[in-house]
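Subject: Structure for you to look at

Hello,

I am handing over the structure below, with notes on what was found in it. Please read the notes with the structure open.

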Amino acid sequence: MKRAKLLKYVILGIITTLIATFLLKKEEKRQGHPRDYEGIATEGIIHAATEYNSISFYVDGDTVSGFHYELIEAFARDHGLKAALSPEMSFGKRLEGLSEGKYDVIAHGILATSELKDSLSLTIPIILNKQVLVQRKARSASDSLFIRNQLDLAGKTLHVIKGSPAILRIHNLGNEIGDTIFIKEIDQYGPEQLISLVAHGDIDYTVCDESIARAAADSIPQIDISTAISFTQFYSWAVSKKSPALLDSLNTWLKSFKKGKEYKEIYKRYYRAKHDSSR
């Protein structure tokens with residue numbers, strides 16, 4: 001049973017690759033420069049990048065679901081547009097696609113760091129989340145692999161998605177504890193696949209958003225997600241700095257939409273924790 005559950009996350013990676021390859025062929029002609037809301041309205045389509053996982057965007061049979069998928073669909077609907085959502089596991093490639101005009105918006109939770117604010121325009125906060133360490137549960141009280149607090153991370157190697165904002169936090173955490181935390185960046189897997197590798201014993205640690213870790217822990221009981229890597233922080237969507245009208249449209253819509261019943265229902269479907277993210 002456990003092996004079947006782990007296999008589900010490996011299959012997710014294969015599905016992501018197939019979907020991304022198909023959509024990439026459709027998107028190649030769009031590479032150029034970032035466009036603003038006027039250009040989006042003229043075409044009638046808003047192109048968005050997200051991550052394929054059980055929270056943001058996923059396909060189950062003939063049904064497409066996901067928190068960010070439902071939100072961008074609602075924005076498009078309310079503005080008379082169609083939404084074209086592309087799954088892209090690499091954070092760096094999402095940024096690259098945004099700068100090249102392949103995507104109009106990154107519809108995925110992005111940690112609002114000062115470094116990212118220098119190169120992107122971030123929307124108002126959409127959710128509250130934090131990054132957690134994913135590891136296997138302790139086999140005994142003396143299990144040397146088990147991390148009980150952040151100080152135990154000294155000298156350990158954490159596997160994270162290539163280009164992830166979590167990397168900056170891990171570097172800062174190393175400075176805080178006064179020791180080196182090694183990082184191995186992975187570009188072929190998403191967070192759920194890395195969690196599966198931890199559970200299977202292929203790697204010892206990964207770092208991901210708590211919401212994704214909690215969803216995985218429901219079906220993979222051998223993992224532990226109790227050690228926080230960051231404080232709870234705001235996560236936003238991102239657009240190019242060359243798209244101020246789009247940013248204004250998204251912010252105006254989000255401020256209104258987050259106060260309504262539809263947003264609360266969407267949020268409840270994908271997040272068990274009842275954060276007050278409507279501020």
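Asp 209 is in contact (heavy atoms within 4.5 Å) with Asn 129, Lys 130, Gln 131 and Tyr 235, leaving aside its neighbours within four places in sequence. Asp 209 lies in strand S11, residues 206-209; helices (H or I, at least four residues) and strands (E, at least two) are DSSP runs, numbered from the N terminus. With a relative accessible area of 15%, Asp 209 is buried. Buried means under 20% relative accessible area, exposed over 50%, and partly exposed in between, with a 1.4 Å probe and protein chains only.

This is a predicted model, in which local features need pLDDT of at least 70 and side-chain atom pairs count only at pLDDT 80 or more, while totals for chains, interfaces and linings use all residues. Residues are numbered from 1 along each chain as its sequence is written, and side-chain values use heavy atoms, with hydrogens and water left out.

Overall, the protein has 10 helices and 13 strands. Of its 279 residues, 51% are buried. Among contacts with a separation of 6 or more, 75% are between residues 24 or more positions apart.

Gln 131, one of the contacts of Asp 209, is found in strand S8, residues 131-136. Gln 131 is buried, at 3% relative accessibility. Leaving aside neighbours within four places in sequence, the residues in contact with Gln 131 include Leu 111, Pro 165, Arg 169, Val 207, Asp 209, Ile 229 and Tyr 235.

Arg 169 also takes part in a salt bridge, with Glu 176 (2.8 Å, N to O). A salt bridge here is a side-chain nitrogen of Lys or Arg within 4 Å of a carboxyl oxygen of Asp or Glu. Arg 169 is buried, with a relative accessible area of 15%, whereas Glu 176 counts as exposed at 53%.

By this rule there are 11 salt bridges. In one of them, the side chains of Glu 51 and Arg 94 meet at 3.0 Å, N to O. Glu 51 is in the loop between strand S1 (45-50) and strand S2 (58-60), and Arg 94 is in helix H4 (residues 91-99), so the pair ties together parts that are 43 residues apart in sequence. Glu 51 is buried at 5% relative accessibility, and Arg 94 is buried with a relative accessible area of 2%.

Another salt bridge joins Arg 77 and Asp 78, whose closest N and O atoms are 2.9 Å apart. Arg 77 is partly exposed at 46%, and Asp 78 is partly exposed at 39%. There is also a network of salt bridges that links Arg 35, Glu 43 and Asp 104.

Arg 35 comes up again with Ser 243, which is in contact with Pro 34, Arg 35 and Asp 36 when neighbours within four places in sequence are left aside. Ser 243 sits in the loop between strand S13 (233-239) and helix H9 (244-257). With a relative accessible area of 1%, Ser 243 is buried.

Helix H9 has 14 residues, which at 1.5 Å a residue should span 20 Å, and its end C-alpha atoms are 20 Å apart, which agrees; the expected span is 1.5 Å times one less than the number of residues. The buried residues of H9 include Leu 246, Leu 250, Trp 253 and Phe 257.

Two helix pairs remain. Helix H3 (residues 67-78) packs against helix H10 (residues 261-270) at an angle of about 160 degrees, with the axes 9 Å apart. H3 is therefore roughly antiparallel to H10. Axes are lines fitted to C-alpha atoms, for helices over the stretch in contact, and angles run from 0 to 180 degrees between N-to-C directions. Angles under 35 degrees count as roughly parallel, over 145 as roughly antiparallel, 65 to 115 as roughly perpendicular, and the rest as oblique. Residues of H3 that meet H10 include Phe 67, Leu 71 and Arg 77.

Helix H7 (residues 191-200) and helix H8 (residues 210-217) pack at about 50 degrees, with their axes 10 Å apart. H7 is therefore oblique to H8. Pro 191, Glu 192 and Ile 195 of H7 make the contact with Ile 212, Ala 213 and Ala 216 of H8.

Regards
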